[in-house]
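Hi,

Here is the structure I promised to pass along.

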Amino acid sequence: MKIRHRDIVLITGAHGFLGQHVLRTFLDETHCDLIVTARDEKLLFDDVADEPQVLAYQKLDVTERNEVKEAIALYKPDVIVHCAGLVDVDRCEHDRELAWKTNVRSVEHIIEAARKTDARMVHISSDYVFDGTRTPYAENAVPSPLNYYGRTKLASENALRSSGVNHCILRGAFFYGVEVHRKPSFAINVIKALTRNETFEAFTDLYAPPTLVDDIALAVIRAVEYKKNGIYHIAGPEMISRYEFAKRIATAFHLNPELVIPIPFVASETRADRPRHSSFVTLKAQTELGLRITGIDEGLQVMLRGIHDMEDERQIVYQ
Ligand SMILES: NC(=O)c1ccc[n+]([C@@H]2O[C@H](COP(=O)([O-])OP(=O)(O)OC[C@H]3O[C@@H](n4cnc5c(N)ncnc54)[C@H](OP(=O)(O)O)[C@@H]3O)[C@@H](O)[C@H]2O)c1
């Protein structure tokens with residue numbers, strides 16, 4: 001049964017990996033009215049454009065203060081769900097100005113506009129605010145980012161925490177799932193390479209908790225529904241290496257796991273350092289948001305079914 005309340009929710013970065021799942025989950029699970037925004041001229045998903053819940057699509061570059069101000073003043077959303085961001089960790093390390101503008105200034109612009117309309121904000125942060133030496137991390141652990149991406153995510157959290165705006169910060173980790181995407185994620189890259197019978201190199205010593213993106217999207221909806229404030233950790237229940245994860249993907253998708261080649265992670269000029277071990281205590285999200293966190297094998301089956309369901313209809317970047 002759909003959630004009954006009818007907030008107006010503005011979603012940023014709705015064409016991104018998480019953004020598209022957040023959009024679809026709001027449509028499936030709620031009666032909320034939606035203002036869908038991304039930085040493209042048009043909404044990319046034709047099947048969503050005609051949904052009565054979608055009040056408007058608005059081209060919005062979140063680094064542009066005036067665009068953010070005008071959109072929020074025009075639509076007066078009750079809630080802003082901020083899914084836009086620069087997530088490429090190596091790019092953030094080398095283009096620090098862009099990383100700061102996209103991940104921190106955007107939040108400052110939203111805060112400024114949200115104060116005027118009394119909007120709440122749901123923000124997405126990352127396990128990369130931690131250095132990975134004291135895992136698993138609870139919400140009150142002290143952050144200590146290893147790379148510039150992590151520093152921008154922490155700075156965005158701090159901006160919100162001192163803003164006076166009602167907000168909820170959902171920290172996520174290593175998403176996987178179905179996507180219609182221009183920049184395929186780790187799991188899709190594994191599937192693409194192995195489907196073509198190509199090898200795929202994966203790190204044996206970077207451990208993270210693969211997290212079904214649907215779980216994060218549902219956490220967003222719950223945070224909106226329950227009007228939650230504060231920080232919540234959401235991550236898959238198993239911390240495994242990327243190498244192991246790639247092999248599990250191969251098995252689930254009936255591809256050849258022998259094509260996954262183990263390599264060590266080495267930080268370099270072109271590759272930013274990363275936490276070697278990352279995992280979260282998720283009890284707070286499970287109890288307060290009522291989340292059931294999906295295990296890897298179940299999550300990969302969800303992904304497999306999702307890809308089969310959508311393959312013909314949408315241009316999934318898969319082959
Ligand atoms: N993916 C993960 O494993 C992961 C883990 C933990 C936390 N997170 C957090 O989750 C959030 C969403 O990440 P994601 O995985 O969905 O990344 P994503 O697929 O790269 O989506 C980010 C979206 O933001 C858009 N964007 C970038 N700059 C923008 C701008 N100036 N104005 C408007 N939109 C802009 C991108 O558009 P373009 O496509 O045009 O660049 C993209 O559609 C981020 O805050 C990220 O830090 C992600």
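This is a predicted model: local features need pLDDT of at least 70, side-chain atom pairs count only at pLDDT 80 or more; totals for chains, interfaces and linings use all residues.

**The ligand shell**

I started with the ligand. It has 26 residues around it, and the closest are Gly13, Gly16, Phe17, Leu18 and Gly85. Sorted by class, the shell comes out as twelve nonpolar, nine polar and five charged residues. Two elements, α1 (17–29) and β5 (120–126), each put at least two residues into the shell. The biggest giver is α1, with three.

**α1 against α8**

Helix α8 (residues 213–225) lies against α1 with the axes 9 Å apart and an angle of about 55 degrees. That angle makes the two helices oblique to each other, and their crossing is right-handed. On the α1 side the contact is made by Phe17, Leu18, His21, Val22, Thr25, Phe26 and Glu29, and on the α8 side by Val213, Asp214, Ile216, Ala217, Leu218, Val220 and Ile221. The contact of α1 with α8 counts ten nonpolar, two polar and two charged residues.

**α5 and its two partners**

Helix α5 (residues 96–117) is worth a look because it packs roughly parallel to α3 and roughly parallel to α6.

With α6 (residues 148–161), the axes come within 9 Å and cross at roughly 15 degrees. An angle under 35 degrees counts as roughly parallel, so that is the label for α5 and α6. The crossing is right-handed. The α5 residues involved are Arg96, Ala99, Trp100, Asn103, Val104, Val107, Glu108 and Ile111, and they meet Tyr148, Tyr149, Thr152, Lys153, Ala155, Ser156, Ala159 and Leu160 of α6. By class, this contact has ten nonpolar, three polar and three charged residues.

With α3 (residues 65–75), the axes again come within 9 Å, and the crossing angle is roughly 25 degrees. The pair is therefore roughly parallel too, and this crossing is right-handed as well. Here Arg65, Val68, Lys69, Ile72 and Ala73 of α3 meet His109, Ile110, Glu112, Ala113, Ala114, Lys116 and Thr117 of α5. The class count for α3 with α5 is six nonpolar, two polar and four charged residues.

Which peptide bond is cis? The one from threonine 135 to proline 136, with omega near 0 degrees. You will find proline 136 in the loop between β5 and α6.

Then there are two residues other than glycine with positive phi:

- Aspartate 118 has phi near 60 degrees and sits in the loop between α5 and β5. It counts as exposed, because it has 10 C-beta neighbours inside 10 Å and the cut-off for exposed is 12 or fewer.
- Asparagine 197 has phi near 65 degrees and belongs to the loop between α7 (186–195) and β8 (200–203). With 9 C-beta neighbours inside 10 Å, asparagine 197 counts as exposed too.

Over to you!

Cheers

Methods: Residues are numbered from 1 along each chain as its sequence is written. Axes are lines fitted to C-alpha atoms, for helices over the stretch in contact, and angles run from 0 to 180 degrees between N-to-C directions. Helices (H or I, at least four residues) and strands (E, at least two) are DSSP runs, numbered from the N terminus. Angles under 35 degrees count as roughly parallel, over 145 as roughly antiparallel, 65 to 115 as roughly perpendicular and the rest as oblique. A crossing is left-handed if the near helix is turned anticlockwise from the far one by less than a right angle, and right-handed if clockwise. Two residues are in contact if their C-beta atoms, placed from the backbone, lie within 7 Å. Ala, Val, Leu, Ile, Met, Phe, Trp, Tyr, Cys and Pro count as nonpolar, Asp, Glu, Lys and Arg as charged, and the others, Gly among them, as polar. A residue is near a molecule or strand if its C-beta atom, placed from the backbone, lies within 6 Å of it. A residue is buried if 20 or more other C-beta atoms lie within 10 Å of its own, exposed if 12 or fewer, and partly exposed in between; C-beta atoms are placed from the backbone.
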